[in-house]
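Please look over the sequence and the model first.

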Amino acid sequence: MVSLSKIRDNLTGTWAVMNGQASGLQQLDLSIDGFWQSFGAIILIVPFALVSLISAHVAQVELDQQVVLTGSKITLSLIILLAEWLAFPLVFAAIARQIGVAAHFVPFIIVRNWASVIIAAMIVVPKIFHIFGILPSQLLPYILLALFAISLRFAYRIACTALIASPLLAIPVVLLEVLLGVFTQVGFERMFG
């Protein structure tokens with residue numbers, strides 16, 4: 001289990017890397033233990049995922065759709081979250097040597113994992129306002145689209161900084177993660193949705 005002070009240090013260092021500051025890497029636990037512990041950050045993301053589910057349910061109810069948020073829907077969403085969480089590191093591990101970034105694979109994945117917590121927290125804020133009726137459903141997609149664009153910018157900076165990669169390499173890495181996420185979600189929803 002990662003201590004609160006280590007979580008704080010990892011998130012602080014990650015925030016610096018997300019803003020293009022390589023010095024943030026010094027605050028992260030870049031050891032192999034730190035690598036495996038960074039996957040535990042998914043536990044911090046689960047509450048944000050549940051809030052997102054509730055927000056989506058509220059939007060469906062507003063459209064007069066007769067939907068019920070069942071335990072099976074929640075379970076499927078959490079399985080998709082886990083699959084998305086693991087898909088990119090597994091695929092990227094397979095190609096890191098071929099694209100010349102194997103030496104930076106561990107720091108990159110550590111930053112990516114901790115950055116997911118920050119990005120999930122950022123995206124959940126308007127969803128909370130939506131759930132409580134402060135933010136109308138019609139406006140929510142536009143705000144989420146803007147936050148998605150910001151998260152892409154952060155992912156690009158992480159790739160440039162943690163992989164020590166040029167834009168020509170960083171952009172395809174970001175696109176790979178986005179596409180894997182989309183394919184994973186669509187695939188699971190078609191199989192089990």
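Does S151 count as buried or exposed? S151 counts as buried, because its relative accessibility is 9% and buried means under 20% relative accessible area, exposed over 50% and partly exposed in between, with a 1.4 Å probe and protein chains only. This is a predicted model, in which local features need pLDDT of at least 70 and side-chain atom pairs count only at pLDDT 80 or more, while totals for chains, interfaces and linings use all residues. Residues are numbered from 1 along each chain as its sequence is written, and side-chain values use heavy atoms, with hydrogens and water left out.

**Helix packing**

- Two packed helices are described by the angle between their axes and the distance between the axes.
- Helices here are DSSP runs (H or I, at least four residues), numbered from the N terminus; axes are lines fitted to C-alpha atoms over the stretch in contact, and angles run from 0 to 180 degrees between N-to-C directions.
- Helix α1 (residues 4-18) and helix α5 (residues 105-131) cross at roughly 90 degrees, and their axes come within 9 Å.
- α1 and α5 are therefore roughly perpendicular to each other (angles under 35 degrees count as roughly parallel, over 145 as roughly antiparallel, 65 to 115 as roughly perpendicular and the rest as oblique).
- On the α1 side this contact (heavy atoms within 4.5 Å) includes I7, N10 and L11, and on the α5 side it includes V111, W114 and A115.
- The axes of α1 and α6 are 8 Å apart, at an angle of about 95 degrees.
- That angle makes α1 roughly perpendicular to α6 as well.
- W15, V17 and M18 of α1 meet F154, R157, I158 and T161 of α6.

**Salt bridges**

- The structure has three salt bridges, each a side-chain nitrogen of Lys or Arg within 4 Å of a carboxyl oxygen of Asp or Glu.
- D29 and K6 form a salt bridge at 3.7 Å, N to O.
- D29 is in the loop between α1 and α2 (32-38) and K6 is in helix α1, 23 residues apart.
- K6 is partly exposed, at 36% relative accessibility.
- In the salt bridge of R8 with D9, the closest N and O atoms are 3.3 Å apart.
- E177 and R112 are joined by a salt bridge at 2.9 Å, N to O.
- That pair links distant parts of the chain, with E177 in helix α7 and R112 in helix α5, 65 residues apart.
- E177 is partly exposed at 24% relative accessibility, whereas R112 is buried at 6%.

**Buried serines**

- S151 lies in helix α6 (residues 140-162).
- Beyond its neighbours within four places in sequence, S151 is in contact with I119 and M122.
- S137 belongs to the loop between α5 and α6 and is buried at 18% relative accessibility.
- Not counting residues up to four places away in sequence, S137 touches A59, E62 and H130.

**Exposed positions**

- I43, in helix α3 (residues 42-62), is exposed with a relative accessible area of 62%.
- I164 sits in the loop between α6 and α7 and is exposed at 61% relative accessibility.
- Most residues other than glycine have a negative phi.
- I164 is not a glycine, yet its phi is positive, at about 50 degrees.
- L175 is in helix α7 (residues 167-192) and is partly exposed, with a relative accessible area of 49%.

How values were computed
Helices (H or I, at least four residues) and strands (E, at least two) are DSSP runs, numbered from the N terminus.
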